Amino acid sequence: MRGGYVVRRLGVAMATILAIVLFNFVLFRLMPGSPERILFRGIPNVSEERLDAARARWGLDDPILPIVIDDAGIRFEAENQFFKYLVATAQGDLGFSFVARGQEVANVLAQRLWPTLLLFGLGEAIAIVVGLVLGAYSGWRRGGLVDFFGNGASLFLYATPYFLLGMVLVLLGAAVGLPTFGMLTAGASYPDVWARLTDLFAHLLLPVATVALGLIGQYAIVMRSSIVETISEDYVTTARAMGLREGRILGAHAVPNALLPTVSLIAINLGYVIAGAVTVEVVFNWPGLGTLTVEALGSRDYPVLQGVFLLLSITVVLANLLADLVYGLLDPRVRT
Amino acid sequence: MRSSIRARLAAIAATVGLILAGLAPTVAPTLAQTEPLVIRAGTDQDLQVLNPFNSILVVDFEVFTLNYDLLVNFGPDLEPVPGFAETWDVSDDGLTWTFKIREGMLWSDGEPATSEDARYTFQLALDADALSQESEDGYYLGAGYLEPYLLNAGLTAVSAPDPETLVVETAFPNTLLLQAYMPILPKHIWSSYTIDDIANYSDTPFLNEPPVVGTGPYQAVEWQAGEFIRFARNPNYWGDEGAAEEVIILTFESSDTMVQALTTGQVDYVRGVQPAQFDALANEPDIETVEGISNGYSEIAFNTKGNTEGYGGSTSALTDPAFRDALAWAVDQERLVEVTLGGYGVPGDSIVPPFHTRWYSPPENPRSFDIAEANRRLDAAGYERGGDGIRLDAEGRPITLRVTWPDSEAEHETDAQFLQEWWGELGIGVDAYQTEEGKLLEDLVPPVSGGPANFDIELWGWVGDPDPTSLLNVLRTEEIGSFSDSFWSNARYDELFLEQRAEADEDARFEMIKEMQEIAYEEAPYIIMYYDAELHAYRTDKFGGWRNQPTEGGTPLFGYGSGGYNTLTDLNAEPTPGPTDPTSPTAGPTPAPSGSGSGDGGGDSTPLILGIVGLVVVAAGALLLMRRRSAAAEDE
Amino acid sequence: MTAGVDTALGPVVAPAQPRGLRVFLRRYARRGDGMLGAVILAVFALLAIAPDLFVGPLETVVTATGQRLAPPTDGFPLGTDHVGRDVLNLTVHGARVSMIIGLLATVVTVVIGAVVGVVSGFVGGRVDGVLMRITDFFLVLPTFVLALILTPIIRDLVGSGSREILGIRMTLIVIVVVIGVTSWSSTARIIRGQTLSLRERAFVDRARVIGAGSGHIMVTHILPNVLNLIVANAVLVFAGAVLTETTLSFVGLGDPFQPSWGQLLEAARRAGAPGLGAWWDFLPPGLCIVLVVFAFTLVGAALDDLLNPRRRARA
């Protein structure tokens, strides 16, 4: 039974990833502006010869699909963009960036990945801890002061776009002399690791605060409503009737049960968090995937955009898979 | 129980507040004692290029003139000064130039720098030109912006009879050779690459990644593409050295963070300030703002081929100079400067900006902003109004012009709104929208190069060189399919271009350039909207010796060449007693140099780390306490 | 997310009745948070319907009269922006643009979601399988990044230019479509769940017995009974749509000729307002976004409590 559930989930995730890979291919053949022309952006005097060379270099002169239909009828072309794309993608080869001086997209992504992981990992961690505690407490003491203000604040934060929060924090941060852009003081040389970390930390403060504030609201709201729902369940009522201490009920029954839907929601929410990533990073000039996305969009760097989309989609699928598996592990009812 | 948890939460909140409040002013990246003296310059342009031939943007030129010398550099007032060559001489017929290369000069890697390097570099341009003659579509080194400097000077042959002598032959006498933006490259490095690698034609393009070897004052040693380039001092530099040990050029996504970085001291110099920010910066302490005169313009460019065979314009009216002239009467340049540029710029007229004091010639019969006159001219030219008040073209179709601009120049949105208003009063519809830059570049390609020329009017700009040749070049017939984005063609203009290029006498050359400006103004393939000012700002508490280039209306950096870096002085070089250092808000002994980026005078951020660690401990402790408490309660 | 949940959906929505509406309104009126949200929304709706009434026609750079980035004064209660336009005027007109885009995007989202949900739930079998696979696929895609990529693609397909539909420029219509296409999946899931439980109900069987076709049953029997759910869901979708539009505009995909709140924020950021301390240039549109989304969330939560059959059964 258990094995069956895991296999089914894995199968769905694999199928979804495959679909994403196909979708990605189709999507980027539809992009406006021809890529070879964009390779030479800002260069007005591009010759046809040069364009041809570029097309050949980037494999853009091959037919798009293996089946070619033209005046000569229908035929099969082994050299086509689709097959090349599939083979390359399977090997983790995402092609070359058009504008980032011909670097491999995989390298560009790897470079930009860890700043984003750092920023959002920290922000998420803080938001989860604070959000869940706040939500649990508000739900438990429904109608209390913490609930009233906490819930109000949560709803407000939830309604605030990340970048607006970011702009306000830039306003405040600049006033007290906090660094408001970048991840490290550019080009600084550090006497030791300690100084480097200190610098990193100072730069992290505002963006992490933005991410955390942006997420706390959502998590607190979800946790609160889960708790509220859980404590109306029979067994909690029973426990209360039996005279168990409130703290014990909260800790042993309500929170673990409320945690389930909340955790899976956090995983599902990952896709939305990414939207925040893009704007927070832009506001703080943070050298992560978000700024990379906007830069790539601005310069129509298709291979990079394609890579970002693939990476983010697959991350979300895997996060969902993980949530499903954890859910299945904890809640025997879904395992059938 | 209830109250106790609340009290604890309140206590934690209070602690957090206290810690943050106490910490805030001390938080700053302090690298003071250990860091070399660095000048950080911020720009809103991307840093994607280290191979000079791929240069397009102003920052690209800034980067390569830090790395390399030109054969002849640009002086404080753009006059020719020694560069790679120390002296030069021209033969009586003006055709043979002899340059003396500095004796004993070394590349930054210690190899001798000789005339052979210069010969190699110039030969690259000749080779590219030869390849270009063979090929139907031409052959360009990288972006193709550099070799025209030599080719327009009529370069025909170059030789290096001895290590200190370079002989250059030109087809006609001129002074353009002394204004050539061509970096002299180290042959011992570059000659191991093919011209296709260098010109970016091959599969293995030469990117010239750090460490770069050059003879310029600073050499690129670290490059985070799209983030920053770090330059270290060239140990073998031949000229006067500036105070900065390192130069870092940074890219900013938004001018907002860039300006804040300046006010907090995280950068020392910024280019690309917005008007409102410029106003505000003028009142900041320790910051100097510079309004430079632009050597360039923003124009309303017409697709002057309209809807003729293969061209994608929407109406034949675009081809009619009288039509374009009439529209130009309904453009209030002064208003555009006031609103779009926030007053920082000059209303435009000629295709040669007033920056070129020697070459600028205001039109003899200037147009004024006069809607009634514009209407009269349209009536006279036969563009009658249709039933709905919209004027009709020669084919009897209502004229609605598509006006577009690249998303990289979003400020033209304001210009477009004005055009919509003004031309609306003439009975000309305006359909205004922004186009993604890559897409627009593609739309601008004319049929001769296999493109659609699919636009009516685009708003964009050009930036020129110390010599006006490159700006004049844009409107030549020969440039259709290349630089020309108006597809305008005028035989007299083309003829004058070649004549002025080969004219060594300045007065005679001025007369030619003047006539060219007149023709372009009359026929109006471009309506010049304005000459945008260059808005820069820099800090005055770390470096001194800022010098505008040119002295009148120039800017210290991002001008022509790297001279601006070489005159910088370290304001904190002498250990001065406290009172004489008014820039430091924190009294007491501040060790120099103050490499600290922050405006609060820096400070140790160890308290921050300690504070955060403390915070975590407190929070963890509180949680643990809560947990213990409830467990204890359970046990009771 | 799990299949088990759908069938566990509680009983019962009776076909809507006039009396039910009155009961519903009375119940709703007792919800303080819901009423607060409704009042806020009513105010913004008023502004969006007739902005000219309050602040006159939209100020453009051509008609702007103020100083550049001036703080609030008598003539300009919310100050001016970087080209001297009245921020109050822009913010009120921004309400119209933002709300209309939000509304249209909600309609697109909910229509797609409802059709997929009802068809999938009612027809079942292979159709359900395929539709739900597609739905799940869209559910996991990072929709914002998708929207970011789709916007330029669709703009190119429909052509740029200033053509207008319902008084909204084509560039913004594209945003409407993109939001709709990328955010319908959760609606479809919810509607399908409700449809599944309705399908087994007696009145549907009765209709089938008397020979009604599937399409007929879906339109006349299923749809009216999922309408409550659609409305409750639409309110939340609306909030999401306003946020997505704001974010897309913020990364430069808006239209300066019809400034939404997001576009105003973008313009303020580009002009450097936050760093200059020019709070009046970005806080008014920013707070409007927060207020509107806040209000929608309140109303949505209240409606969900009252209309979602599962919750009502428990209440």
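Predicted model: local features only at pLDDT ≥ 70, side-chain atom pairs only at ≥ 80, totals over all residues.
**View 1. Chain B at a glance.** Residues are numbered from 1 along each chain as its sequence is written, with chains lettered from A and ligands numbered from 1 in the order in which they are written. Chain B has 18 helices and 21 strands, which are DSSP runs numbered from the N terminus (helices: H or I, at least four residues; strands: E, at least two). Among the chain B contacts (C-beta atoms within 7 Å) with a separation of 6 or more, 69% link residues 24 or more positions apart.

**View 2. The open sheet of chain B.** Seven strands line up here, in the order β8-β9-β10-β1-β11-β19-β12, with mixed pairing; to pair, two strands need at least two DSSP bridges between them. β8 and β12 (287-292) of chain B sit at the edges with a single partner strand each, so one side of each has no neighbour in the sheet. On average, neighbouring strands are turned by 20° against each other, direction ignored. Zoom in on β9 (residues 228-233) and β10 (residues 246-251) of chain B, and you'll find them antiparallel and joined by 5 bridges. Ala232(B) stands opposite Glu246(B) of β10(B).

View 3. Helix α2 (residues 58-67) of chain B lies across β1 (38-43), β8, β9 and β10 of chain B, at about 165° to β10(B); axes are lines fitted to C-alpha atoms (for helices, over the stretch in contact), and angles run from 0 to 180 degrees between N-to-C directions. Ile249(B) touches Val59(B), Glu62(B) and Val63(B), and its other contacts beyond four places in sequence include Ala41(B), Thr43(B) and Phe228(B). Ile249(B) is also one of the residues that touch the most other members of the largest nonpolar core, a group of 337 residues. Such a core is a set of buried Ala, Val, Leu, Ile, Met, Phe, Trp, Tyr and Cys residues joined through C-beta atoms within 7 Å.

**View 4. Helix α9 of chain B and its packing partners.** In this helix (residues 321-329), the buried residues are Phe323(B), Arg324(B), Ala326(B), Leu327(B), Ala328(B) and Trp329(B). They pack against β13 (296-302), α11 (371-380), α12 (412-424) and β18 (526-532) of chain B.

View 5. Most residues other than glycine have a negative phi, and most peptide bonds are trans. Leu78(B), though, has a phi near 70°, and lies in the loop between β2 (72-74) and β3 (80-82) of chain B. Phe487(B) has a phi near 60°; with 27 C-beta neighbours inside 10 Å, Phe487(B) counts as buried. As for cis peptide bonds, one runs from Pro210(B) to Pro211(B), with omega near 0°, and another joins Gln549(B) and Pro550(B), with omega about -5°.

**View 6. Where chain C meets chain A.** This contact takes 32 residues from chain C and 38 residues from chain A. On the chain C side, α7(C) gives the largest share, 8 residues.

Definitions and conventions. Buried ≥ 20, exposed ≤ 12 C-beta atoms within 10 Å, placed from the backbone. Contact = placed C-beta atoms within 7 Å.
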